[in-house]
Amino acid sequence: METTPGDNSPSKAAPAAGETKSAAAAKSAKTTKSAGAAKSARTQALESQIAQLSYEEARDKLAEIVRSLEAGNISLEDSLQLWELGEALGKRCQEWLDSARARLEAARAEAEENLDGVATPDGAAE
């Protein structure tokens, strides 16, 4: 495949001198896979860091990201990275909220069980 003017994408680039088309395609696929693996490693490290944040820390970082995205004075690539980080932080905040809700529901249920066995002032059980 030949490149067209203005099209320098690796998947459409002509093979280098002495390189076959299949070798060029394999090289392009390897580059794409290694970029994906690096992103995956970055994503895993980021998720590990986010998992250690308190609700308040995650919420505050998310608010910063929203302000940056709303300002609109950053590049598209930076915006995408911030968006992904914001999604991960939002997920972490939701996990905290779900956990808090579950703890409250468990505490209410326990309190209701305890009240069911409490005697009334006249000595009879409710």
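Colleague: Which residues in helix 2 meet helix 3, and which residues in helix 3 do they meet?

Modeller: In this predicted model, Y55, A58, R59, K61, L62, I65, S68 and L69 belong to helix 2. They meet S79, L82, W83, L85, G86, L89, G90, R92, C93, W96 and L97 of helix 3.

Colleague: How do the residues of that contact divide into nonpolar, polar and charged?

Modeller: Twelve are nonpolar, four polar and three charged. Gly counts as polar here, and G86 and G90 are among the residues in contact.

Colleague: Why are helix 2 and helix 3 called roughly antiparallel?

Modeller: Their axes cross at roughly 150° and come within 9 Å. Angles over 145 degrees count as roughly antiparallel, and the pair is therefore given that name.

Colleague: What is the handedness of the crossing?

Modeller: The crossing of helix 2 and helix 3 is left-handed.

Colleague: How do you know that the span of helix 2 agrees with its 17 residues?

Modeller: At 1.5 Å a residue, helix 2 should span 24 Å. The C-alpha atoms at its ends are 24 Å apart, so the two values agree.

Colleague: What follows helix 2?

Modeller: G72 does, with a positive phi near 70°.

Colleague: Where is confidence lowest and where is it highest?

Modeller: Among the helices, helix 1 (residues 21–51) has the lowest mean pLDDT, 67, and helix 2 (residues 55–71) the highest, 95. Over residues 1–15 the pLDDT is below 50. For the protein the mean is 77, with 62% of residues at 70 or more.

Notes: Residues numbered from 1 in each chain as written. Predicted model: local features only at pLDDT ≥ 70, side-chain atom pairs only at ≥ 80, totals over all residues. Heavy atoms only, no water. pLDDT = per-residue confidence, 0-100. Helix = DSSP H or I, 4+ residues; strand = E, 2+ residues; numbered from the N terminus. Contact = heavy atoms within 4.5 Å. Axes fitted to C-alpha atoms, helices over the stretch in contact; angles between N-to-C directions. Parallel < 35°, antiparallel > 145°, perpendicular 65-115°, else oblique. Left-handed = near helix turned anticlockwise from the far one by under 90°. Expected span 1.5 Å × (residues − 1).
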